[in-house]
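User: Hey, I just opened this one and could use a quick tour. Can you walk me through the charged contacts and the surface?
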Amino acid sequence: ADYTGELEPQFERDPNVRESLFWTREKFWSEWKSGKRVIAVVRRGDLKEFQQAGVPARVLASAPKHVLVANYR
């Protein structure tokens with residue numbers, strides 16, 4: 001979602017497919033807060049934003065640079 005870096009969707013020319021593969025920031029947060037179950041790998045530095053998102057993140061696993069989080073208990 002949002003920043004895609006090396007996953008930049010330039011290889012996919014169909015906008016509908018590209019949109020389903022790469023969510024915008026707005027789409028991600030909409031899905032996160034929707035009640036649907038979402039699991040995400042986030043940078044450790046971004047964890048604070050998830051904890052303040054209205055639907056706090058539950059940490060499932062962590063590594064030095066990344067954290068696996070869920071929006072459900």
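Predicted model: local features only at pLDDT ≥ 70, side-chain atom pairs only at ≥ 80, totals over all residues.

User: Okay. Is Glu31 buried or exposed?
Analyst: Glu31 counts as buried, because its relative accessibility is 13%.

User: And what does Glu31 pair with?
Analyst: Its side chain meets that of Lys27 in a salt bridge, at 3.4 Å from N to O. A salt bridge here is a side-chain nitrogen of Lys or Arg within 4 Å of a carboxyl oxygen of Asp or Glu. Lys27 is partly exposed, at 33% relative accessibility.

User: How are Glu31 and Lys27 separated in helix H2?
Analyst: They are 4 residues apart in helix H2, so about one helical turn separates them. Helices (H or I, at least four residues) are DSSP runs, numbered from the N terminus.

User: How many salt bridges does the rule give?
Analyst: The count comes to 4 salt bridges.

User: Which of them links distant parts of the chain?
Analyst: Arg25 and Glu49 form a salt bridge, with the closest N and O atoms 2.3 Å apart. That pair links distant parts of the chain: Arg25 is in helix H2 (residues 25-33) and Glu49 in helix H3 (residues 47-51), 24 residues apart. Arg25 is partly exposed at 35% relative accessibility, and Glu49 is partly exposed at 31%.

User: What about Asp46?
Analyst: Asp46 forms a salt bridge with Arg43, the closest N and O atoms being 2.9 Å apart. There is also a network in the chain: salt bridges that share partners join Lys27, Glu31 and Lys36. Back to the Asp46 pair: Asp46 has 25% relative accessibility and counts as partly exposed, as does Arg43 at 47%.

User: Switching topic, which residues make the nonpolar surface patch?
Analyst: Phe11, Val17 and Leu21 make a patch of about 290 Å². Patch residues have over 30% relative accessible area and no salt bridge; nonpolar side chains (Val, Leu, Ile, Met, Phe, Trp, Tyr) are joined within 5 Å, like charges within 9 Å. The areas come from the Shrake-Rupley method with a 1.4 Å probe, and for residues only the protein chains shown count as cover.

User: Where does Phe11 lie?
Analyst: Phe11 is in the segment before helix H1 (15-21). Phe11 counts as exposed because its relative accessible area is 59%.

Definitions and conventions:
Residues numbered from 1 in each chain as written. Heavy atoms only, no water. Helix = DSSP H or I, 4+ residues; strand = E, 2+ residues; numbered from the N terminus. Buried < 20%, exposed > 50% of the residue type's maximum accessible area, 1.4 Å probe, protein only.
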